[in-house]
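Welcome! Let's take a walk through this structure together, one part at a time.

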Amino acid sequence: RFLIVDSKVSLKAYEEYFNCDDETMRKIKLKEHLMSVRAHMDGLSKKNYHGIHGDRSPDFVMMFIPVEPAFLLATGNDERLWLEGWNRHVLLVSPNTLLFVLRTIEYLWRQERVGHNAIEIANRGAQLYDKFRGFVETMLVVRKNLEAANKSHDIAIRQLSEGPGNVIRQVEMMRDLGVKPEKGLPDEILKIAMPAKE
């Protein structure tokens with residue numbers, strides 16, 4: 001971010017006004033001071049300094065009048081001066097107003113950053129929500145598939161273990177008839193299939 005501050009305004013007419021004792025001459029020097037300020041303001045407006053950095057700079061240049069009484073003399077004797085400057089993208093500032101203006105701009109920029117971050121957070125939140133929704137939908141499919149697999153498993157176990165002459169019972173009867181397997185069936189399966197003898 002950039003702020004353009006110009007501090008080259010001529011205060012020659014103001015100094016002559018300040019050091020002058022003749023009232024008529026003071027009026028002349030006051031007019032010259034106003035003309036000098038307005039001429040510098042016009043020059044700044046035409047140079048378009050505020051456009052150098054594009055949207056990284058406010059759309060105005062600050063014209064700093066480093067002597068507070070010189071600023072007050074100009075703005076106090078020409079009520080249109082400040083507004084004319086504003087309309088030409090030139091903001092008249094003095095030692096007493098410069099810090100206030102800088103802090104105001106900094107605050108506005110901070111609010112803009114917060115607003116930009118809020119938009120980014122909202123965008124990321126929406127993306128995260130979409131990803132999470134996809135994950136939940138997939139988990140629901142997994143759950144349905146597990147339930148289906150569990151039902152199929154139960155059916156298969158019943159086919160092996162239920163009813164007289166079930167497969168597990170008949171396999172065990174073959175062992176009783178002399179078949180010598182290396183290992184017997186697990187006890188868990190035998191308990192399911194062998195509650196009754198044929």
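Here is a guided tour that goes from a helix to the core and then on to the charged side chains.

Please keep in mind that this is a predicted model. At its start, a side-chain oxygen of aspartate 22 comes to within 3.3 Å of the backbone nitrogen of threonine 24. At the other end, α2 is followed by asparagine 48, which has a positive phi, near 55°.

What does α2 pack against? Several of its residues are buried, including Leu30, Leu34, Val37 and Met41. The buried residues of α2 pack against β1 (5–6), α1 (12–18), β2 (61–64), α3 (68–77), α4 (81–87) and β3 (90–93).

That brings us to the largest nonpolar core, with 20 residues. Within this core, Val37, Met63, Ile65 and Leu81 have the most contacts. Two or more residues each come from α1, α2, β2, α3 and β3, and α2 gives the largest share, five residues.

Now for the charged side chains. The whole structure holds 10 salt bridges. One of them joins lysine 12 to glutamate 16, with the closest N and O atoms 2.7 Å apart. These two residues are four apart in helix α1, so about one helical turn separates them. Lysine 12 is exposed, at 53% relative accessible area, and glutamate 16 is partly exposed, at 27%. Both belong to a network of salt bridges that links Lys12, Glu16, Lys29 and Glu32.

In helix α5 (residues 95–161), glutamate 106 and arginine 110 are also four residues apart, so about one helical turn lies between them. Their side chains meet in a salt bridge of 2.6 Å, N to O. Arginine 80 forms a salt bridge with aspartate 78, the closest N and O atoms being 3.7 Å apart. Here arginine 80 is exposed, at 52% relative accessibility, while aspartate 78 is buried, at 9%.

Our last stop is helix α6 (residues 167–176), whose buried residues are Ile168, Arg169 and Glu172. Seen down the axis of α6, these fall within an arc of 100°, so they line one face of the helix. Glycine 178, with a positive phi near 120°, follows α6.

Definitions and conventions: Residues numbered from 1 in each chain as written. Predicted model: local features only at pLDDT ≥ 70, side-chain atom pairs only at ≥ 80, totals over all residues. Heavy atoms only, no water. Buried < 20%, exposed > 50% of the residue type's maximum accessible area, 1.4 Å probe, protein only. Contact = heavy atoms within 4.5 Å. Polar contact = N/O pair within 3.5 Å; in protein donor to acceptor, adjacent residues only side chain to side chain. Arc of directions from axis to C-beta. Core = buried A, V, L, I, M, F, W, Y, C linked by side-chain atoms within 4.5 Å. Salt bridge = Lys/Arg side-chain N within 4 Å of Asp/Glu carboxyl O.
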